[in-house]
Amino acid sequence: MNVTDGPVWLDGRLVDSGDAVVHLMNPSTHYGWGAYEGIRFYPGRSGPLVFRLREHVNRLFTSAQALGMRIPFTGREIVAACAELVERSGLSSGYLRPLVFLRPGVMSVAAQLDQVQVAIGCWEWAGYLPEAGGGIRVRVSGWVRSGPAQLPPSVKSTGGYLNPSLARLEAVRGGDHEAILLNQAGRVAEASAANVFAVVDGTLVTPPAEEGILPGITRDAVLTLADDLGIPTRERPLARIELRTAAEVLLAGTAMEVVAVTRLDGMPVGDERPGPVFGALRSAFDQAVSGRLPAHRDWVTAPADVLEAAPGAP
Ligand SMILES: Cc1ncc(COP(=O)(O)O)c(C=O)c1O
């Protein structure tokens with residue numbers, strides 16, 4: 001299934017993909033006014049399970065609010081819409097893409113923020129980096145992550161993605177899989193669509209929110225799973241040079257899940273193979289997303305349960 005093939009929820013209605021149209025002369029297309037989320041669903045024992053649905057919907061509202069855009073639906077309605085889309089898609093696993101944007105009105109960079117629309121797409125997910133199992137090649141980008149006084153990375157805005165997109169494109173065109181961006185101080189911020197972890201002296205280290213990152217929902221899951229597994233964790237600033245000497249470097253995000261970095265800037269990381277910390281975390285993560293970790297059963301949501309609790313919700 002193509003991204004344009006799946007059903008779309010648009011402003012309260014499920015529409016066929018071909019009917020999910022907006023006028024081109026809207027300020028979101030021109031100036032990047034928008035907030036979005038990426039959410040995965042996975043095969044569970046008795047149907048698809050959406051991973052950390054409420055956390056993603058909460059972040060969508062926070063991002064929109066930070067931009068001054070008021071979403072004309074409640075969080076429960078958006079959660080129900082996601083559940084309905086998953087059911088309608090008939091897919092056992094896939095991706096949900098809620099998008100908050102502006103309808104056409106006055107064409108000005110001082111956009112009319114009360115003209116908010118919401119669309120949610122749903123499609124099958126072939127994998128962000130299908131060949132990632134054996135580890136990926138990453139480079140530190142020449143592009144610097146936008147800072148809190150520019151476009152705060154904690155806000156998942158559509159316009160804000162040009163910054164990491166430039167970095168990823170540079171990496172991919174240069175033969176690598178992904179880019180890591182440094183922050184304004186020259187320390188590690190995050191990858192183009194994932195958070196960064198390094199195993200330093202046996203501790204799983206990741207930069208804290210203040211270092212200029214999107215504090216990922218997968219990052220939170222990885223830190224929790226590491227605690228469960230008895231792997232020491234620490235949120236602290238991470239120097240670029242530490243990535244060179246780390247035993248393992250990992251990336252984690254909704255799209256790429258948890259992957260091992262085996263080459264960085266053309267040099268091997270550790271012994272150039274996915275390491276034991278990665279192995280333990282990846283296996284726990286796979287169990288969690290499919291509802292097989294009793295301690296974290298609350299991380300996954302069955303669409304049928306949402307729809308039963310909110311019958312007839314848009
Ligand atoms: C820039 C950036 N950082 C981190 C992440 C990881 O966030 P999450 O795990 O919530 O998907 C993403 C993914 O959306 C991202 O785009």
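Two strands count as paired when DSSP finds at least two bridges between them. In this predicted model, strand β6 (residues 94-102) and strand β7 meet that criterion with eight bridges, running in the antiparallel sense.

Strand β7 covers residues 116-123, and eight of its eight residues are buried, so the strand is largely enclosed by the rest of the structure. In a regular strand the side chains alternate between the two faces of the sheet. In β7, V116, V118, I120 and C122 point one way, while Q117, A119, G121 and W123 point the other way, and all of these residues are buried.

| Helix pair | Axis approach | Crossing angle |
|---|---|---|
| α5 (residues 217-229) and α7 (residues 276-289) | within 10 Å | roughly 110° |
| α2 (residues 53-67) and α3 (residues 75-89) | within 10 Å | roughly 130° |

The crossing of α5 and α7 is right-handed, and the contact involves T218, V222, L225, A226 and L229 from α5 together with A280, L281, A284 and F285 from α7. By class, the residues of this contact comprise eight nonpolar and one polar, with no charged residue.

For the other pair, whose axes cross at roughly 130°, α2 is oblique to α3, and the crossing is right-handed. Here L53, R54, V57, L60 and F61 of α2 meet G75, I78, V79 and C82 of α3, and the residues of the contact divide into seven nonpolar, one polar and one charged.

**A302 in its loop**

A302 lies in the loop between strand β17 (300-301) and helix α8 (303-309). Its relative accessible area is 18%, and A302 is therefore buried, the cut-off being under 20%. When neighbours within four places in sequence are left aside, A302 is in contact with P48 and L49. A302 and G253, by comparison, are 49 residues apart in sequence and 21 Å apart in space, C-alpha to C-alpha.

Note on methods:
Residues are numbered from 1 along each chain as its sequence is written. This is a predicted model: local features need pLDDT of at least 70, side-chain atom pairs count only at pLDDT 80 or more; totals for chains, interfaces and linings use all residues. Side-chain values use heavy atoms; hydrogens and water are left out. Buried means under 20% relative accessible area, exposed over 50%, partly exposed in between (1.4 Å probe, protein chains only). Helices (H or I, at least four residues) and strands (E, at least two) are DSSP runs, numbered from the N terminus. Axes are lines fitted to C-alpha atoms, for helices over the stretch in contact, and angles run from 0 to 180 degrees between N-to-C directions. A crossing is left-handed if the near helix is turned anticlockwise from the far one by less than a right angle, and right-handed if clockwise. Contact means heavy atoms within 4.5 Å. Ala, Val, Leu, Ile, Met, Phe, Trp, Tyr, Cys and Pro count as nonpolar, Asp, Glu, Lys and Arg as charged, and the others, Gly among them, as polar. Angles under 35 degrees count as roughly parallel, over 145 as roughly antiparallel, 65 to 115 as roughly perpendicular and the rest as oblique.
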